[in-house]
Amino acid sequence: MNRHNGLARVSTLHANGKRLETPTAIPVMKIPNELGFWKIMNKYRTPACVMVNASILASSSKNEAARAIGIHGLLSFNGIVFSDGGGFSKDSSRWSQKQIIEFQLEIGADIATTLDYPVSLRTPWFERTKAYRSLLNALEAERLNCGKMLLLASVHARTRLELENSIRYLEKHGTFDGYAIGSLIPLQSKTFDIVGLVMAARRAAGNKHLHIYGLAGCSLYLLMFYIGADSVDSQGFLLSGANKEYYLPGGRSVKKGQLGENPLPCKCQICRKASFQTIFQREKLAIHNFITVQEELRRVRREISSGGFEEYLKHRYRGIPTLHRAMRYAHRLIQNL
C-alpha cells in the first residue's frame with residue numbers, strides 16, 4: 001500500500017475474457033426506458049462496463065428479448081454487463097433469489113450481485129432480519145451460480161463491526177469474487193460514517209473487489225476510491241443532463257446560464273460540434289458529462305499509479321469543505337492501520 005494514495009489501488013477485473021480497469025464508475029442503464037439513449041451514447045463513447053437492474057429488467061417488456069438474445073445482444077454491446085440483483089427496486093419484491101440468479105445466468109451477465117434487502121441506517125433501530133436475509137440470499141446465489149458469473153455478495157450493516165462480521169461470515173461459508181455495499185444513500189451527508197463503513201468493508205474483503213452502490217457525485221466517488229473501493233455505480237451523468245448541469249474538465253460543473261457565450265472549454269466529440277446554445281440538449285449534455293467523468297477516472301488511475309492521488313484529492317477538494325474534512329479523517333484512520 002502506498003500511503004500517498006490512501007487505500008486506493010489500480011487493478012484489472014477480468015470477466016469472460018473482457019477487462020475492466022479499476023477504480024471506475026459504472027454507468028447505470030434503466031431498461032427499457034433508456035434503450036434509445038443508450039444507442040445514441042454508443043455512437044460516441046462506449047463504456048467498458050454498464051450496469052443493469054435484473055429485477056427491473058425481469059419485470060419489463062424486454063425480459064423475453066433479453067432471455068432470447070442475451071443482454072449483450074439487447075444492448076448491442078460487447079463490453080462487460082454488470083447485473084445488479086436489484087433489491088433497491090420496488091420490482092424486487094416480485095422475485096426470489098433463485099429466480100433472479102437464474103435470470104442473470106440466462107441473459108448472460110458477466111458480473112452479478114445478489115438480491116438484497118436495503119435497510120434504513122438512519123433509524124435508531126436496525127432491521128437485522130433484512131440484513132441477515134441478504135446474507136442467506138448471497139449464499140444461495142453462490143451455490144446456484146457455480147462459478148459461471150463473477151459474483152459479488154450484497155451486504156448491508158449499521159456499524160463497522162456488523163459489516164466486518166457479515167463479510168467474514170460470507171467468507172467462511174461461501175466463495176465470492178467480491179462484495180457490494182449498500183444502504184449508504186441515506187448517509188450521503190454523513191461522510192465520516194460512510195468512510196468508516198467502507199474502510200471496514202475493505203479490511204474484511206481483503207484483496208477482493210469492493211463495489212459501492214448508488215452514491216451520487218463524482219467528487220464523492222474519488223473519496224470512495226481513496227478509502228479502498230474499486231467501483232461505484234452512477235446515473236449521475238444522465239441526471240446531470242436532465243438538470244442542465246455541464247461538467248467542466250477538472251471536476252467543477254456549471255448550470256445553464258453560467259457558461260457564458262465563450263467557446264466551450266472542452267474538446268470532446270460532443271463539444272467540438274456543439275455551441276453553448278446547443279450543448280444543453282439532454283442527450284448531448286449527458287454524453288459530454290459521461291466522457292468528462294471517464295477522462296477524470298483515467299487521470300485518477302494515473303495518479304494512483306504514480307503515488308500522487310492524495311495530493312490530487314487535496315487540490316480537487318479545495319472549495320468542498322465537507323469532502324476535504326472527510327479525506328483528512330480518512331487519512332488519520334489509514335495512518336493508524
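Guide: Strand S7 (residues 150-155) and S8 pair in the parallel sense over 4 bridges, where two strands pair if DSSP finds at least two bridges between them. Helices (H or I, at least four residues) and strands (E, at least two) are DSSP runs, numbered from the N terminus. This is a predicted model, in which local features need pLDDT of at least 70, side-chain atom pairs count only at pLDDT 80 or more, and totals for chains, interfaces and linings use all residues. Residues are numbered from 1 along each chain as its sequence is written, and side-chain values use heavy atoms, with hydrogens and water left out.

Visitor: Are the faces of S8 buried or exposed?

Guide: Both faces of S8 (residues 178-181) are covered, with Gly178 and Ala180 buried on one side and Tyr179 and Ile181 buried on the other. Buried means under 20% relative accessible area, exposed over 50%, and partly exposed in between (1.4 Å probe, protein chains only).

Visitor: How many residues of S4 are buried?

Guide: In S4 (residues 49-53), 5 of its 5 residues are buried; Cys49, Met51 and Asn53 point one way, while Val50 and Val52 point the other way. S4 runs parallel to strand S5 (residues 80-84), with 5 bridges between them, and Met51 stands opposite Phe82 in S5.

Visitor: Switching topic, where is the cis peptide bond?

Guide: The cis bond joins Thr22 and Pro23, with omega about 10°, and Pro23 lies in the loop between strand S2 (18-22) and strand S3 (24-27). Most residues other than glycine have a negative phi, and most peptide bonds are trans.

Visitor: Which residue has a positive phi of about 55°, and where is it found?

Guide: That is Asn16, which is not a glycine and sits in the loop between strand S1 (11-15) and S2. Asn16 is exposed, with a relative accessible area of 51%. Ser76, in the loop between helix H3 (63-75) and S5, has a positive phi of about 50° and is exposed at 60% relative accessible area.
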